[in-house]
Amino acid sequence: MSWLKRTLSSSSGRKWLVALSGLGLILFLVIHLLGNLQIFLPDESFNEYAHHLHDGLLIVIGDVGLLVLFPLHIGLVIWLARENRKARGATGYKAPMTATKQKRSFARVLASKTTLYIGLVLLVFVAIHVWQFRLHHSEIGNLRGAILETLANPMWAIFYVLGSLATGWHVFHGFQAAFRSLGFTHNRFTPALVNLGTALALLFAIGFSSIALWIVIAQPHI
Amino acid sequence: MSESTISVTLEVWRQPGTDAAGRFETYQLDGVSTDSSFLEMLDMLNQKLLTEGKEPVAFEHDCREGICGSCGFVINGNPHGPDRGTTVCQLHMRRFKSGAKLTLEPWRAKAFPVLRDLMVDRSAFDKIMAAGGYNSVNVGNAPDANSIPIGQDAASEAFDAAACIGCGACVAACKNASANLFTSAKIGHLAMLPQGQPERYTRTVAMLDMAEDLGFGACSWTQECEAACPKEISVKWISRAQRDYVKGRVVKGI
């Protein structure tokens, strides 16, 4: 198994795993968003969905998948980031990092340089989010009611809007970068993947934050 | 366009040797011709420093035609200065306004120790090349031209990568001081051609592993390297090398 160890400990191999785990997490986000958007339905459909989810196999696959993908993605990125930081050497540049000759948009360049730090923000966000709506609620019972109650508080609504925007920002750079790290580059399809990543980023940012905004503004009845 | 002269303020990194401490020194230079190249402007500064009995600023240069890869330092945060697709020797002073303040720094990378002032030791690139950037063939006489048919599109694309002059701007521009653009360009041009196929995967693995061992960082896809590259080499080569690396390790069992 030494070839496997050599592959996965090399920076190229680690980038490959970070890309794969990242795409896995994006797949999870799509399913998560589709489930969450059912909260807009007026009757008991969200609670029924939550019960079906928790009684079925999907939750087990999701839990195991996330327990593998999350630590793998974060752990490997931290390992890479520590080496990347050392690679600059003891003396850094005096001139600011904002100098660039890139023709790409400002947002894209900024995203590529801040995705790592937004990832750390997301780590904190996810920890609070999972505690609040999963671990803290061992009884799913009326999950919809619990969500409506929590997000009616403007502080929590802002917290979730910021978390949604951070998720979008992370995916904005991460999605297309993942395909590049996996070795997929093509004159026609790479630009298409860049656009698809932007669409996914907007979908996550708007989709998830719309729930928090709807609850805090419209104050729907529990 | 008629010649005119400008004044510039230069903030230059001065470091007497690799292990010595460095610091910025500020110099005022007047009467700089807008027709002069950036290096001619530095020659003028050095002449001034010599006549004042001071140490001239050390910087590397050779051809001054933008093709040798010797020159290069960071001007106000941009490797090779503010223009795309050029080396610092092909940058001209007409690009700057009179009174401009220019901060000159050497390439910053752990694997590129400063030798003196703006000069860095780039022998790490030689070590990456020695790890596999060649074809192992016994060459006798020159083979007949066109004895191996290669399509024009493949030859052109290979040349895009082969245009790399090994200046090190990609490393300097990268937030991770990664050598991936240099390494993958050297891997990529051989991977495009039939002569490069027998050692394609061993070469890819050996060169990327060597770059990592030398202390260069990994790729975060900020694409700063491509923007800084005087030959405008595409980041697609990094992606292709990445594919060949994993294929070499996993499928070919290297």
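**Strand pairing in chain B and overall features of both chains**

In the predicted model, strand 1 of chain B and strand 2 (residues 23-33) of chain B run antiparallel and are joined by 9 bridges. Within this pairing, B:Thr9 has B:Gln28 of strand 2 as its bridge partner. Strand 1 of chain B also pairs with strand 5 (residues 100-105) of chain B, here in the parallel sense and over 5 bridges. In that pairing, B:Val12 stands opposite B:Leu104 of strand 5. Strand 1 itself, spanning residues 5-14 of chain B, is mostly covered, with 8 of its 10 residues buried.

These strands belong to a chain with 8 helices and 7 strands. Along the principal axes, the C-alpha atoms of chain B fill a box of roughly 60 × 40 × 35 Å. Chain B has 254 residues, and buried residues make up 54% of them. Of the contacts in chain B with a separation of 6 or more, 68% are between residues 24 or more positions apart. The chain exposes about 10900 Å², and carbon and sulfur atoms supply 49% of this area.

Helix 8 of chain B covers residues 236-251, 16 residues in total. From its first C-alpha to its last, the helix reaches 22 Å, close to the 22 Å expected at 1.5 Å a residue. The buried residues of helix 8 include B:Trp237, B:Ile238, B:Ala241, B:Tyr245 and B:Val246. Just after helix 8, B:Gly253 takes a positive phi of about 70°.

Chain A contains 8 helices and 0 strands, and its pattern along the sequence reads α-α-α-α-α-α-α-α. The C-alpha atoms of chain A fill a box of roughly 55 × 45 × 40 Å along the principal axes. Of the 222 residues in this chain, 42% count as buried. Residues 24 or more positions apart account for 82% of the chain A contacts with a separation of 6 or more. The accessible surface of chain A comes to about 12100 Å², and 72% of that surface belongs to carbon and sulfur atoms. Chain A has 18 positive and 8 negative charges, with mean positions 34 Å apart.

Note on methods. Residues are numbered from 1 along each chain as its sequence is written. Chains are lettered from A and ligands numbered from 1 in the order in which they are written. This is a predicted model: local features need pLDDT of at least 70, side-chain atom pairs count only at pLDDT 80 or more; totals for chains, interfaces and linings use all residues. Side-chain values use heavy atoms; hydrogens and water are left out. Buried means under 20% relative accessible area, exposed over 50%, partly exposed in between (1.4 Å probe, protein chains only). Helices (H or I, at least four residues) and strands (E, at least two) are DSSP runs, numbered from the N terminus. Two strands pair if DSSP finds at least two bridges between them. Contact means heavy atoms within 4.5 Å. Accessible areas come from the Shrake-Rupley method with a 1.4 Å probe; for residues, only the protein chains shown count as cover. The expected span of a helix is 1.5 Å times one less than its number of residues. Lys and Arg count as positive and Asp and Glu as negative; His and the chain ends are not counted. The place of a charge is taken as NZ of Lys, CZ of Arg, CG of Asp or CD of Glu.
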